Amino acid sequence: MKPRLSSLRHRFLVSLGVLFLAAMCALGLIAQFIIYPVLLEEERELATAELDRIERVMDSDRLALLAMVKDWATWDDTYAFMQGHRGTYADSNFSRTMFEDMDYQFMLFFSTDGHVVWTAGIDPVSGDYASCPGLENDCAWAATMAHRMRPLIRYRPMEGAAYLEITPYRAFVAIHPILRTDESGPAQGWLAQVRLLDTVWQAHIESQTDLPVELLPASQNDLISGLRLDRTDSHRLLITRPINNVAGSESLLLQSHLPREDFFTQLATFRYTQFWTAGLLLTVIAIVLILLESMVLRPLRQFAGFTQQLQFQNVDCFLPQGLTNRRDEIGTLAREFQQLLELQRRQTSSLVELSHHDPLTGLANRRLFDQTLEEALQQAHLHSQPMGLLMVDIDSFKNYNDHFGHPAGDACLKAIADAMQRHFLRPNQLVARTGGEEFSIVLPGSSEAVCARLAESLRQAIEALGLPHPASEVSPVVTVSVGVACSAPEQPRSPQALIDAADAALYAAKQAGRNQVSMEGEQATA
């Protein structure tokens, strides 16, 4: 039998399947619109924090350079040097080794009007060391940087300044007014120190941040977009942000790479949670289906099978004890159904009994008589046995009713019926009321002689009842007329033929004066 979608099992299966798909869709939507954006935002916050950390390290280097230039600029020897008492100041303080150890590129000493008084340091291009007055000869390479510093010097920041410079090369530049050691004045000029942001500096920053660092030229779009995250590489996150504290209107683009292991670990953890949730849901659904099958569906199928059995089998059957012994709603339903079924059987039996018996006398009615006669004739023909039929009629019964009334007539019918029942006690014999005052008696296995003897015995027994019948035309007591017909093995008869023969014999008995037994084809006998 093909499974039907209308069954409870498949309805529950479809419902739980829909519930599972809805849960999976909900988890997918949560991942897409809640978890994934949160992870991306966390990644963005991490990128911002790392870039801030890099910039703090850069600011620390810039301020460290400003502190260094202040130490040099607020030194009495430097103050005297700018007043013209140069002596051995340059020779004793400037050397290639000093610049390499201090990680300075070069130093510029400006007069108060912005002219370079002395240059000392290493050429960023050629790598040659020079220490000379002004920007002439071997120190000409510092002219471009000096030219870019003059506008800031004219601004005269008395507390000093440190900033990023891009042109002609990327560098930290720090300037401070030249004062006495106690920072008294007047200022004798300005001291500028330059530190290149080269590979050495980059390695220094990377060692402090554990992140790769690059400084790139910034475009106008970079300034507008601000922080940018490039996630095209699944293993590394490219982060960029412009640095605005550069001299003039120029900017640098700070760039680094962040590993994405944490992002993918958290994403994998959530997906792992999704898989576990899906597995748990499937397990729960399977357990629910198993419990549903064992506790509800299987008993209901037994119940349904029992009801179908009732439809196709006309036998007494009972619900399985497994259903009626349950202590739940199904057990209650099964017990109630069994009680209703038994009540229906009793009522059906009563209806069958009423449909087969005469309500007044309790004898079989015409329907049961016809059925029994046909079955008895079939058995007689099958086993080659004779069978007799008696047809009995109460003499002058209409006069009895007219004289005594119908209640007395009913009592008379019951008395005669009881007498007939007592007279024919064998199980295969049937006494039936087939008319108002007419009775028929089926006698299986009885020959003509036996039927005649039994008929006469019955007539005498009823007459012996002595029921008064003053309105009778035959006798002062109630009497009967009996017609006898038989079906012999050598000449079997149909039910209707046997009835017609017995009816003809009864008619003969009445014609002969009533209170007679008449055999088929013979004269009635009193």
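**Local geometry and helix packing in the predicted model**

R514 is partly exposed, with a relative accessible area of 26%. The model is a predicted one. R514 sits in the loop that links α15 to β15 (517–519). Its backbone stands out: phi of R514 is near 70 degrees, a positive value in a residue other than glycine.

S396 also has a positive phi without being glycine, with a value near 50 degrees. This serine belongs to the loop between β11 (387–394) and α12 (397–404). Its relative accessibility is 11%, so S396 counts as buried, the limit for buried being under 20%. R514, at 26%, is instead partly exposed.

One joins T167 and P168, with omega about 0 degrees. P168 lies in the loop between β4 (161–165) and β5 (171–177). The other runs from G185 to P186, and its omega is near 5 degrees. P186 is placed in the loop between β5 and β6 (190–196).

R260 occupies the loop between β10 (252–259) and α8 (261–312). With a relative accessibility of 4%, R260 counts as buried. The C-alpha atom of R260 is separated by 68 Å from that of F337. Along the chain, R260 and F337 are 77 residues apart.

Helix packing was examined for two pairs. Helix α11 (residues 366–382) packs against helix α15 (residues 495–511). Their axes are 9 Å apart, and the angle is about 110 degrees. That angle makes α11 roughly perpendicular to α15, since the roughly perpendicular range is 65 to 115 degrees. The crossing of α11 and α15 is right-handed.

The second pair is α1 and helix α6 (residues 199–209). Their axes come within 10 Å and cross at roughly 125 degrees. α1 and α6 are therefore oblique to each other. The crossing of α1 with α6 is right-handed.

Helix α1 spans residues 8–73 and includes I34. I34 contributes to a nonpolar surface patch, together with L29, I30, F33 and V38. The patch covers about 480 Å². I34 itself is partly exposed, at a relative accessible area of 48%.

Notes. Residues numbered from 1 in each chain as written. Predicted model: local features only at pLDDT ≥ 70, side-chain atom pairs only at ≥ 80, totals over all residues. Heavy atoms only, no water. Patch = residues over 30% accessible without salt bridge, like charges linked within 9 Å, V, L, I, M, F, W, Y side chains within 5 Å. Areas by Shrake-Rupley, 256 points an atom, 1.4 Å probe, with all protein chains shown as cover. Salt bridge = Lys/Arg side-chain N within 4 Å of Asp/Glu carboxyl O. Helix = DSSP H or I, 4+ residues; strand = E, 2+ residues; numbered from the N terminus. Buried < 20%, exposed > 50% of the residue type's maximum accessible area, 1.4 Å probe, protein only. Axes fitted to C-alpha atoms, helices over the stretch in contact; angles between N-to-C directions. Parallel < 35°, antiparallel > 145°, perpendicular 65-115°, else oblique. Left-handed = near helix turned anticlockwise from the far one by under 90°.
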